[in-house]
Structures are given as structure tokens and as C-alpha cells.
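Me: Please take me on a close look at one helix and its surroundings. I would like to know what it packs against and how the rest of the fold gathers around it.

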Amino acid sequence: MTDSTSDPRHEHHDEKFPPQQQNQPGHTDETQPTPDHGEETYTGHDRLKGRKALITGGDSGIGRAVAIAFAREGADVAIVHMAEEQEDGDATVRLIQDAGRTGVSIAGDLRDESFATDAVRRAREALGGLDVLVLNAAYQHDIDGFGSLATEDMRRVFDTNLAGTLFTARAAYPDLEAGASIIVTASIQAYNPSPGLIDYAMTKAAQVAFVKALATEAGERGIRVNAVAPGPIWTPLIPATGWDASKVESFGSDTPLGRAGQPAELAGAYVYLAAEESSYTSGSVIAVTGGKAL
């Protein structure tokens, strides 16, 4: 092994996670260890120079890592997040601005159709256009058996992951031009669902269908539609899912690489799908799962 090659089993945090729980939606400063979003490691190469991107759920976790990468690749970036995530949202905007790009924070709930529609308008106006849409906002919760699935929780999952995704995409779609890219954060749960996340897994499977269906229509306009399917990634959503201490401690240890992934390890997949080198990639799902098969 050369000095420049690292062992992916030990590249990031490869130990057990300390027991912890948070209330939804979860916050970065309460997540231990702090997720790695690429703040100290991601180096851009102007692969997205001049692009205008909107990232939902861009305040923390995968969304923050993508925002950092996009900005350092030369894109201006707007993020959408819940009002209670403003502190995380502000931190992400500062990281975008530190890269010398325009950063915009838009607070609200994408389950609200009018807000989702207005967020797209506000992003386009603030950035002077929109040609990359990352549909990343999501909600999940653990259940102790199917019979305990609460209707209120189920509807929040469906409304966030499906209605919010559709509202946002539908608002952006008519004005996207040839060369635009839509990227959905799906999940390994779409292919290998866990019983305790049954409603979440259903929405992720539906998102894959959305990508494949829209890619067929959008291709005629020169718009590409793809998804990234993460495996177990350490974000504030994990301690806010409602798992007990043993599940949190062992999170990600069942992957072939033996550990959970970090948000920074997904950023490159999103950059690829937004950049010119993926010009012949549409209707695809890229797995970033630590070796777990879709």
C-alpha cells in the first residue's frame, strides 16, 4: 500500500458510537462524534463553475456535505431547512460563503405545498437561476413492530419524503433548461428495507420509481434525473431516529467495510451527477453503502 492510499475500513470513525438520543430533526452540535462533512478535506476543481443549486435538507448531514462540495466546485447554493434547524443552516451558509460563493438559507416545512413552491422561486431569484436540484430532505423514525406504527408518524414520513419531494421538483421542473440535473437522496432501504423503518423504506422505494419515471420524460428536454442511495451514514438524523443504545452503538458495523459512512464520503457522488462528466447518466441510482448490495 502506498503512502497515498488509505484503508477504507479505517478512513473515518470506525469504533462504536456513544449512546445518545435527540428529538427530531436532530442537530449537529448534539451529535457525537461530530459528522465529517468535508470541512477540512474537500478540495474543489471548478467542476460546477457557474452552476446554481438548491439543496433541500441542506443544513446538516448529507445536505451540508453536498453544499460544501458544490460551493468549492464553483456553484452558488441555496439550502432549505426546517425553522428549528436555523443554527445549522447558518453554519452551512457560512461554509458556502467561505468558498467564495453565494449562500442562501430558506427556512420552512416542505410538507407545505405553498412553501415548497415559494422556496424554489426564492432560490432562483437569489441565485440568478437554477440548474441543479438536490432533493435530500427526509424524515424517519423507528417503530417497535408494525402494529405500533402511528398514523401521525407515518403521515409525516410520507408527507416529508414524498409530497415534499414532489412539490419541490414540480415547482422547479418547468423552468429547468437543457443541462440541468435533478438528484434525489434515496436509500439502501429502498432495496433492503428494515422492518423498523417500514414507512421510510416505502418512501425511498417510491423515490426510485420517481427518478426512473421522470428521467424518461425529462431526457427529451436534456434534463438528467438520478439518485444516490446511501447506506448507514452518521448524521444527526441517526440519534434522532429513536433507536436504543445498542443500535446507535453498532450503527453501520454490519457493512462489508465494517463501519458507518460519513457525509463527506457521499459528496463526490452528487458532484459527479451534477457535473458535465455525467452527461450520459440519467435514471440511475448510485450506491454509497459501504459494500452493501442494492
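Reply: Let's start with H5, which has 21 residues and reaches 30 Å from its first C-alpha to its last, close to the 30 Å expected at 1.5 Å a residue. That expected span is 1.5 Å times one less than the number of residues. Helices (H or I, at least four residues) and strands (E, at least two) are DSSP runs numbered from the N terminus. You are looking at a predicted model, in which local features need pLDDT of at least 70, side-chain atom pairs count only at pLDDT 80 or more, and totals for chains, interfaces and linings use all residues. Residues are numbered from 1 along each chain as its sequence is written, and side-chain values use heavy atoms, with hydrogens and water left out.

Now for the inward side of H5. Its buried residues are Asp-199, Tyr-200, Ala-201, Thr-203, Lys-204, Gln-207, Val-208, Phe-210, Val-211, Leu-214, Ala-215 and Ala-218. Here buried means under 20% relative accessible area, exposed over 50%, and partly exposed in between (1.4 Å probe, protein chains only). These residues pack against E4, H4, E5, E6 and strand E7 (285–288), where contact means heavy atoms within 4.5 Å.

Setting aside residues up to four places away in sequence, Gln-207 touches Asn-161, Leu-162, Thr-165, Val-184, Thr-185 and Ala-186.

That brings us to H4, one of the partners of H5. With 22 residues at 1.5 Å each, H4 should span 32 Å, and its end C-alpha atoms are 30 Å apart, which agrees. H4 does have a kink of about 35°, centred on Asp-159; the bend at a residue is the angle between axes fitted to the seven residues ending there and the seven starting there. Among the buried residues of H4 are Val-157, Thr-160, Asn-161, Gly-164, Thr-165, Phe-167 and Thr-168. The buried residues of H4 pack against strand E1 (52–56), H3, E4 and H5.

Next, step back to the core. In soluble globular proteins, nonpolar side chains tend to be buried together. A nonpolar core is a set of buried Ala, Val, Leu, Ile, Met, Phe, Trp, Tyr and Cys residues joined through side-chain atoms within 4.5 Å. The largest one here has 37 residues, and Leu-54 and Ile-182 touch the most other members. Helix H5 (198–218) supplies at least two residues of this core, as do strand E2 (76–81), strand E3 (103–107), helix H3 (113–127), strand E4 (132–135), helix H4 (151–172), strand E5 (181–185) and strand E6 (224–230). Apart from it lies another core, of 29 residues, including Val-66, Ala-75, Val-93 and Val-132. Not counting residues up to four places away in sequence, Leu-54 touches Val-120, Ala-123, Val-134 and Thr-168, among others.

Ala-67 counts as buried because its relative accessibility is 0%. Beyond its neighbours within four places in sequence, Ala-67 is in contact with Ile-55, Val-77, Ile-79, Thr-92 and Ile-96.

Finally, the rings. A search of the whole structure finds 3 aromatic pairs. Rings of Phe, Tyr and Trp (its six-membered ring) pair if their centres lie within 6.5 Å; planes under 30 degrees apart count as stacked, over 60 as edge-to-face and the rest as tilted. The Phe-17 and Phe-251 rings have centres 6.3 Å apart and planes at 55°, so this pair is tilted. It links Phe-17, in the segment before E1, with Phe-251, in the loop between helix H6 (245–249) and helix H7 (264–274), 234 residues apart. Phe-251 is buried, with a relative accessible area of 12%. The rings of Trp-234 and Phe-251 have centres 6.2 Å apart and planes at 50°, so they are tilted as well. Phe-17, Trp-234 and Phe-251 form one aromatic cluster.
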